[in-house]
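Subject: Structure handover

Hello,

Here is the structure I said I would pass on. My notes on it follow below.

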Amino acid sequence: DEMSIVLPNPPDQPGSGGGTEHTYELQVQRELTEWFINTMPVFIALTPRRRVRSPSGGYSWQDQPPRETQTLRLCEPPDPGLQVQGSDGKLRDVQWLLVARWDAVLGRYDAFELDGRQWEVADLMPYNGWERRAAVTARG
């Protein structure tokens with residue numbers, strides 16, 4: 001007698017576009033992310049910024065119209081020594097990890113004010129299909 005083991009095909013990774021996603025699992029992950037955000041929400045209107053060439057040949061950043069206010073969450077970064085390059089080209093310590101819903105709209109170098117301080121979305125983490133995450137640094 002021969003014994004055979006039949007294994008199911010491995011699931012596609014969320015957001016991979018590789019075929020049929022496991023929509024139930026993805027929906028559960030999205031709901032858990034929303035619950036996580038709503039336990040300690042912050043309400044932020046991110047301001048996109050565009051790099052503009054000046055007449056002298058340099059560059060400056062120009063604020064664009066702010067996005068709609070979104071419900072987000074700020075968390076401590078997993079690695080306290082993590083640094084990213086800010087819009088000014090300097091390495092800066094990541095002070096917050098921004099967690100947003102899967103359909104949130106945020107972009108690299110978006111700016112926002114919170115508690116009287118200026119902050120910048122310095123880098124976007126890879127998208128996983130159920131949340132958007134970004135590294136946030138102090139601005140200026």
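Which residue of β3 stands opposite R53? R53 stands opposite Y59. Strand β2 (residues 49-53) and β3 run antiparallel and pair over 5 bridges; two strands count as paired if DSSP finds at least two bridges between them. They form a hairpin with 5 residues between the strands, and in its turn G57 has a positive phi of about 100°.

Before the rest, the ground rules. This is a predicted model, in which local features need pLDDT of at least 70 and side-chain atom pairs count only at pLDDT 80 or more, while totals for chains, interfaces and linings use all residues. Residues are numbered from 1 along each chain as its sequence is written, and side-chain values use heavy atoms, with hydrogens and water left out.

Overall make-up

The chain has 1 helix and 10 strands; helices (H or I, at least four residues) and strands (E, at least two) are DSSP runs, numbered from the N terminus. Read from the N terminus, the order is α-β-β-β-β-β-β-β-β-β-β. Of the 140 residues in the chain, 32% are buried, where buried means under 20% relative accessible area, exposed over 50% and partly exposed in between (1.4 Å probe, protein chains only). Among the contacts (heavy atoms within 4.5 Å) with a separation of 6 or more, 54% are between residues 24 or more positions apart.

The helix

Helix α1 (residues 23-39) has 17 residues and should span 24 Å at 1.5 Å a residue; its end C-alpha atoms are 24 Å apart, which agrees. The expected span is 1.5 Å times one less than the number of residues. Its buried residues are L26, R30, T33 and I37. They cover an arc of only 60° around the axis, so they lie on the same side of α1; the arc is that of the directions from the helix axis to the C-beta atoms. An α-helix has 3.6 residues a turn, so residues three or four places apart point the same way. The buried residues of α1 pack against β4 (70-75), β7 (96-101) and β10 (131-138). Y24 and W35, on the other side of α1, are exposed.

The aromatic pair

A search of the whole structure gives 1 aromatic pair. Its members are W61 and Y109, with ring centres 5.1 Å apart and planes at 65°, so the pair is edge-to-face. Rings of Phe, Tyr and Trp (its six-membered ring) pair if their centres lie within 6.5 Å; planes under 30 degrees apart count as stacked, over 60 as edge-to-face and the rest as tilted. W61 lies in strand β3 (residues 59-63) and Y109 in the loop between β7 and β8, so the pair ties together parts that are 48 residues apart in sequence. W61 is partly exposed, at a relative accessible area of 29%, whereas Y109 is buried, at 14%. Y109 also has a positive phi, near 75°, and is not a glycine.

The β8-β9 hairpin

Strands β8 (residues 111-114) and β9 (residues 117-124) run antiparallel and are joined by 4 bridges. F112 has W119 in β9 as its bridge partner. The hairpin has 2 residues between its strands. D115, in the loop between β8 and β9, has a positive phi of about 55° although it is not a glycine. D115 is exposed, with a relative accessible area of 74%.

Regards
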